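Please look through the sequence and the structure below before reading on.

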Amino acid sequence: MTDEALDAVERNMVKLRRGMSRQRLGRAAVRDHNLPVDVQVLHVVDVVDEGPDGPGQEMSVGLVATRLGVDASRGSRIVAEAVKSGYVRRVASQEDGRRIHLELTPAGRSVVEATRRTRQEHFAKAMGDWSGAERAEFARLLARFVDAYEG
């Protein structure tokens, strides 16, 4: 990659991160679907929906906190809010009854579907004048980038 291309990727990733950190899409989902919930709870619901890192693992409060980039105490508080809101439930582990894992409730699944629709509408608008081939290529390259970056 040329220095110019790398510079453009870096600058645009910063813009994208800034836009995402303003929680524009989360607030839009709350507004569009009249969800009586804090945006942080939406983040918890998204993380629980994503599931554990690998087979045989369970979704825990610690994993939610790690993925959200918050400390365990903050993670516990926002998970408790998601439980109180009725979007997530605590369930005894099938592996070890002393452990608790998290799963979405039907209301949580509805929230996931609503927020996905909102995000996809915003992304579709941003790519409105792109051809199908351009969208497919962008999706392929973005997935490749994310896999390499997280790997």
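Contact here means heavy atoms within 4.5 Å. By that criterion, and leaving aside neighbours within four places in sequence, His101 is in contact with Glu58, Met59, Arg89, Arg90, Val91, Ala92 and Ser93. The model is a predicted one, in which local features need pLDDT of at least 70 and side-chain atom pairs count only at pLDDT 80 or more, while totals for chains, interfaces and linings use all residues. Residues are numbered from 1 along each chain as its sequence is written, and side-chain values use heavy atoms, with hydrogens and water left out.

His101 sits in strand E2, residues 100–104; helices (H or I, at least four residues) and strands (E, at least two) are DSSP runs, numbered from the N terminus. With 12% relative accessibility, His101 counts as buried, a label that means under 20% relative accessible area, with exposed over 50% and partly exposed in between (1.4 Å probe, protein chains only).

Next comes the core. A nonpolar core is a set of buried Ala, Val, Leu, Ile, Met, Phe, Trp, Tyr and Cys residues joined through side-chain atoms within 4.5 Å. The largest has 20 residues, and Val44, Val45, Val48, Val64 and Val88 have the most contacts inside it. At least two residues of this core come from each of helix H3 (39–50), helix H4 (61–68), helix H5 (72–84), E2 and helix H6 (106–126). H3 gives the most, six residues. Not counting residues up to four places away in sequence, Val64 touches Val44, Val47, Val48, Met59, Val79 and Leu102.

Helices H1 (3–21) and H7 (132–150) each supply at least two of the patch residues, and H7 has the largest share, five.

The structure holds two aromatic pairs. Rings of Phe, Tyr and Trp (its six-membered ring) pair if their centres lie within 6.5 Å; planes under 30 degrees apart count as stacked, over 60 as edge-to-face and the rest as tilted. Trp130 and Phe138 are edge-to-face, 5.3 Å centre to centre with 90° between the planes. Phe145 and Tyr149 have centres 5.8 Å apart and planes at 15°, so this pair is stacked.
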